[in-house]
Amino acid sequence: MTEAVSSAANDTFPKLLRHNAQTRGKLPASREKEFGIWQSWTWAEVHEETRALALGLMTLGIEPGDRLAIIGTNRPRLYWSMVSAQMAGAVPVPVYQDSVAEELAYVLDHAGARFVLCEDQEQVDKVLSIAERLPELKHLLYLDPRGLRNYDHTTLHPFEDVQKTGRAAEGSHGAEIDRRIKATTGADTSVMLYTSGTTGKPKGVVLSHDNILLTARASAEFDGLVETDSTLAYLPMAWVGDFIFSMGQAYTTGFCVACPESAETMMHDVRELGPSYFFAPPRIFENLLTTVMIRMEDAGFLKRRAFHYFIAHARKMGEKARLGEATTGRDRFLTFLGEMLVYGPLKNMLGMSRVRIAYTAGEAIGPDLFNFFRSIGINLKQLYGQTEASVFITQHPNDAVVLETVGVPTPGVEIRIGDNGEVFYRSPGVFQEYYKNAEATADTKDPEGWVATGDAGFMDPESGQLRILDRAKDVGKLANGKLFAPKYIENKLKFFPNILEAVVFGHDRDSCMAFINIDLAAVGNWAERNNIAYASYQELAQHPRVYEMISENIAETNRSLAEDTMLSHCQITRFLVLHKELDADDGELTRTRKVRRRTIAEKFADLVDALYGGKDEIYTETEVTYEDGRKGSITATLAIRDVPTAAPAASAQPRQAA
Amino acid sequence: MSHAPTAAAAETDEEYAAAEEAHGIAVRQIGEVVMDIRNITLRFGGVTAIRDISFDIREGEIRAIIGPNGAGKSSMLNVINGFYHPQDGEIWYRGKKRGPMKPHQIARLGIARTFQNIALFKGMTTLDNIMTGRLTKMRRNMIWQALWTGPAEREEIEHRAAVEKIIDFLEIQSIRKTPVGRLPYGLQKRVELGRALAAEPTLLLLDEPMAGMNVEEKEDMCRFILDVNDEFGTTIALIEHDMGVVMDIADRVVVLDYGQKIGDGTPDEVRKNQAVIDAYLGVSHD
């Protein structure tokens, strides 16, 4: 393949851009909807625009090693500016555009940004308000001039003016920029991405051109992405995934990246574009499904019936395919009819008619959700990745998608499971370092290049795919020494709409038992439909019929756990429904709504004892903090129920993590 | 690096203005009087809605008309707009005395307005509603437009481009194709502003643009009004109930009470005016 031959020479983004401009100059590279009309730029045009900006930056005095911070939503010009910076030997640093000034100040100062490119007045104002604390800052550029006309323009420049100066400077700076492009190699820093910093200060992950391009190339070839593919860039530019999809893979394969008109128009834009390659976190797929379901409720009788009939058929076919059963002629005819009447129009409505490859990642995706999209014929797959790995660690192959696993290692990635079950990887994508933080780098990456993910998992012996169970620090052992993965079970429980939160206990215990928080919206709605009267959250939570319903949900979870070779012993034997909603104000959840296991175990120690002590009910008193900071206490008598467990599936043999 | 002042950095208006001057930034220019309203009296039968009111509006300024309920604010706006014909008094617009005119003639003069209780076409989309604002600019007659070829088509494309700029300006891309009847109140107000802007007015009249809005919607609307004034140099006259809003964005304020003018000046002057305080807070009768 010519691509393979030329890839050695094109080891950086600027070189790849020139290569693309020469070999596929007339193909579209970027699209953006502006004033209601899709505008597009070919690779040749993108090359010209990018070079003009790079030359402009050089007239402003950008030097190799300088940092250009980019703050804004997905816009083609912002993407181009990253390569412009690289052409001039500088390093682009995309920053989350919704960061508050304080976070921004930390990142810009830490990165030592000398140049900042802002999308609009909002971002310019933010940077100006912290400019005093950024001694390195020299020049500020902006894209959208609205509201900025009257600002002092000594160090503030409109994007287009910089490009104009750049075009005029071709004669004086052209040779120098060619020299700089030639001088950078794959080993040089390509980009610096800051982790979102949910735990402590954000860390700057330094990735080289080799990291990005080798990973992008390997993953794109794995999926057979080609230059005629297209995708929509709508996730934050500062997120490594966007950099890999919209820059890395787009530059290595030459496909087209479109930017939506605004965040709110995203769904319209997908529909108009019909991308063939699409990434979305589970949350977005969930919103899509909810929208579809609500609209079907309002649809006419005939449409609704057809929809439910064919969706049920699709699910049945999906199940057959999973079990490897043969399909009958009638099945195939119904599938054909369903495609004509339901699946096709539905995919068109979702803008997914042309999707060849769709990925989801980031958090656990519910089986119903996952199966729905796969059953209507969307090739939805999962991947497992990290900023430190240039995203790809594992991904699902097209022909072996299993809900529970996250796929096989991306070509070039080695995986090792540590003694405590933690997943380690080594790949060409492994990051260079955390910027100005040698200590954290040494903690994460060992001298041989292995990186700890912080997740516990194992290679599934049947499928040969990686399965992630839980965060490594949460994984424990039952009293009999068997593996206990609480978050995995809790996620399974939370996929039921009735269950808002669940906390599973079991570390050093004989069996697993759970606290359940009902979802007031879902259960309240159910109570209304079933004429169940209740005066308070507590009363509803303790209603016998609610217990029955939750008990059924847990029994179903147990049945699915029983089929699981690794976790069949983690079935839940007893549970209680909590009398209050777990709340961040009471310290039971983190601000990002993650369960604080230890705090809960301490705070509700009496309830845990009652669960394991075999009682049928327990009287308890709990302190609560109201939103205005006052404290109060609530008392309740909570019922405790046993749940039947299922026998482990016949094939289930207890296996230890490899 | 020496920076331009920002609203966030400067504590007070004076500080901001001083910083602007220090940086040699073109401070907003308030020009000549564009509309001079002289001794207007308006009666409905025996009721005198407006009694002998005079004030002026200068080029490029934001002029607010405030007052308690029934003070005659909307009547005043309707007089400016040419919808009501006052029994006494004169209106001079750009150096010429204005005789009785029909509303569409006024619109041709470059005066556009929005209404207190939204007057949009509920069944039409945002785009079509704003497009109606271009009507006074359409040159081809109905037959041309029905045939929709050649010049009429070119003309429509031009108008559509202008409308798209407004949609972009007001950040309402996501509701471009939504019938306005389905939109929340705050957005409908924004669409109405869009329609008024589509006529490319030199004088824009806003009748209670923030009425019934929540704080966030009000803030958005304030920003759009300031941006319109700043970007297009449009002179704006607005009626508003919300004193906070008025004092923030207006250059000069005229205060009405029971059909009479009781105050006129900058927000600071008006704030200190005893008659205005009495009108708003009431006078104790002890």
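Analyst: Angles under 35 degrees count as roughly parallel, over 145 as roughly antiparallel, 65 to 115 as roughly perpendicular and the rest as oblique. This is a predicted model, in which local features need pLDDT of at least 70, side-chain atom pairs count only at pLDDT 80 or more, and totals for chains, interfaces and linings use all residues. Residues are numbered from 1 along each chain as its sequence is written, while chains are lettered from A and ligands numbered from 1 in the order in which they are written.

User: How are helix 9 and helix 10 of chain A oriented to each other?
Analyst: Helix 9 (residues 209-223) and helix 10 (residues 240-253) of chain A have axes 9 Å apart and pack at an angle of about 75 degrees (axes are lines fitted to C-alpha atoms over the stretch in contact, and angles run from 0 to 180 degrees between N-to-C directions). The two helices of chain A are therefore roughly perpendicular.

User: How many nonpolar, polar and charged residues make the contact of helix 9 with helix 10 of chain A?
Analyst: Helix 9 of chain A contributes A:I212, A:L213, A:T215, A:A216, A:R217, A:S219 and A:A220, and helix 10 of chain A contributes A:I244, A:G248, A:Q249, A:T252 and A:T253 (contact: C-beta atoms, placed from the backbone, within 7 Å). Ala, Val, Leu, Ile, Met, Phe, Trp, Tyr, Cys and Pro count as nonpolar, Asp, Glu, Lys and Arg as charged, and the others, Gly among them, as polar. By class, the contact has five nonpolar, six polar and one charged residues.

User: Why do the buried residues of helix 5 of chain A line one face?
Analyst: In helix 5 (residues 101-111) of chain A, the buried residues are A:L104, A:V107, A:L108 and A:A111 (buried: 20 or more other C-beta atoms within 10 Å; exposed: 12 or fewer; partly exposed: in between). An α-helix has 3.6 residues a turn, so residues three or four places apart point the same way. The buried residues of helix 5 of chain A line one face because, seen down the axis, they fall within an arc (of directions from the axis to the C-beta atoms) of 95 degrees.

User: Which helix is among the elements that cover the buried residues of helix 5 of chain A?
Analyst: The cover in chain A includes strand 3 (67-71), strand 4 (91-95), strand 5 (115-118), strand 8 (189-194) and strand 9 (204-208); helices (H or I, at least four residues) and strands (E, at least two) are DSSP runs, numbered from the N terminus. The cover also includes helix 6 (121-130).

User: Is A:V391 buried or exposed?
Analyst: A:V391 lies in strand 15 (residues 391-395) of chain A, and its phi is positive, near 75 degrees, although the residue is not glycine. With 27 C-beta neighbours inside 10 Å, A:V391 counts as buried.

User: Is A:N531 buried or exposed?
Analyst: A:N531 is in the loop between helix 18 (520-529) and helix 19 (537-541) of chain A. Its phi, near 55 degrees, is also a positive value in a residue other than glycine. With 6 other C-beta atoms within 10 Å, A:N531 is exposed.

Note on methods:
Contact = placed C-beta atoms within 7 Å.
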